[in-house]
Amino acid sequence: MADWNPENYLRYADERTRPFVDLLARVPGNPRTIVDLGCGPGHLTRLLRHRWPGAEVLGIDSSPAMIDRARREDPDGAYELGDLQGFAPTAPVDLVLSNATLQWIPGHRALLPRLAGMVAPGGSFAFSVPGNHDAPSHTTLREVAAREPYRDLTASVARPAAFDPEQYLGDLARPGWSVDAWETTYLHVLQGEDPVFTWIAATGARPVLDALPVPLRDAFTADLQEALRAAYPAHPYGTPLAFRRVFAVATRV
């Protein structure tokens, strides 16, 4: 899969920031050491330093383009290229955080105990994942990708997946831990031409687009845009996009 495009990802930075801020609001205490797994271009990692001034914050991402952007735009931050599945801190940390990343890892629920195990006593493991994979944005994407001539080229691409709060609660709840799990549906009002396509092209649709050669990609884009315009009608005030997020904060007590 091609590398991430930070500029495309940041087109709706304000809307993508809201769940991160809501997640931080439910993290207790005053962590002094923080790891942001899947930090992307670093625009949200900076918020961790604002939220907890003086904390030692490390951003980790597997995308060279994202890490390059983070280091360029946030020279005061600490960023490292690395894979979430293989990352291990040198010592337990007060906050292990992952925002909109785990959904890309097949079987990510099996990773949760190991990620929680990185947390120091009194610290927290906090994450959020998109919970909108049954929304029209994604069902429409899958329906268009299953058409000819795209079907064979897109059949094996990575598809993000997430679970309900109750399932994450069950994965993390055990003696010595307190777990807060919930969901929120945001109603974003997007502006611009084909805004829902622009939104998903930077994230959920990216593997499908990357799997297609340029001529087919252009045709697929036109077909998907047409289908998304029907699924998400534009209004004078913009295009509403309901976006469900699932959150969990597990605190070691």
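Helices in these views are DSSP runs of H or I with at least four residues, strands are E runs with at least two, and both are numbered from the N terminus. The model shown is a predicted one.

**View 1. The sheet is open and has seven strands.** Follow the strands across and you get the order E3-E2-E1-E4-E5-E7-E6, with mixed pairing. The edges belong to strand E3 (78-81) and strand E6 (177-190), each of which pairs on one side only. On average, neighbouring strands are turned by 15° against each other, direction ignored.

**View 2. Strand E5 meets strand E7.** Here residues 119-130 (E5) and residues 239-252 (E7) run antiparallel and are paired over seven bridges. As background, strands of a sheet pair through backbone hydrogen bonds, either parallel or antiparallel.

**View 3. Two helices lie across strands of the sheet.** Helix H4 (residues 64-73) lies across strand E2 (56-61) and E3, and its angle to E3 is about 165°. Helix H8 (residues 165-172) lies across E5, E6 and E7, this time at about 155° to E6.

**View 4. Helix H2 covers residues 13-25.** Its 13 residues reach 19 Å from the first C-alpha to the last, close to the expected 18 Å. Look for the buried residues of H2: Glu15, Arg16, Thr17, Pro19, Phe20, Leu23 and Leu24.

**View 5. Histidine 188 sits in strand E6.** Is histidine 188 buried or exposed? Histidine 188 counts as buried because its relative accessibility is 3%, and the cut-off for buried is under 20%. Leaving aside residues up to four places away in sequence, histidine 188 touches Glu15, Arg18, Trp199, Thr239, Pro240, Leu241 and Phe243.

**View 6. A cis peptide bond links glutamate 148 to proline 149.** Omega is about 5° at this bond. Proline 149 itself is in the loop between helix H6 (136-145) and helix H7 (151-154).

**View 7. Alanine 100 has a positive phi.** Alanine 100 is not a glycine, yet its phi is about 55°. You'll find alanine 100 in the loop between strand E4 (93-99) and helix H5 (112-116). With 16% relative accessibility, alanine 100 counts as buried.

**View 8. Aspartate 194 has a positive phi as well.** For aspartate 194, a residue other than glycine, phi is near 50°. Where is aspartate 194? Look in the loop between E6 and helix H9 (195-201). Aspartate 194 is buried, at 12% relative accessible area.

Conventions: Residues are numbered from 1 along each chain as its sequence is written. This is a predicted model: local features need pLDDT of at least 70, side-chain atom pairs count only at pLDDT 80 or more; totals for chains, interfaces and linings use all residues. Side-chain values use heavy atoms; hydrogens and water are left out. The expected span of a helix is 1.5 Å times one less than its number of residues. Buried means under 20% relative accessible area, exposed over 50%, partly exposed in between (1.4 Å probe, protein chains only). Two strands pair if DSSP finds at least two bridges between them. Axes are lines fitted to C-alpha atoms, for helices over the stretch in contact, and angles run from 0 to 180 degrees between N-to-C directions. Contact means heavy atoms within 4.5 Å.
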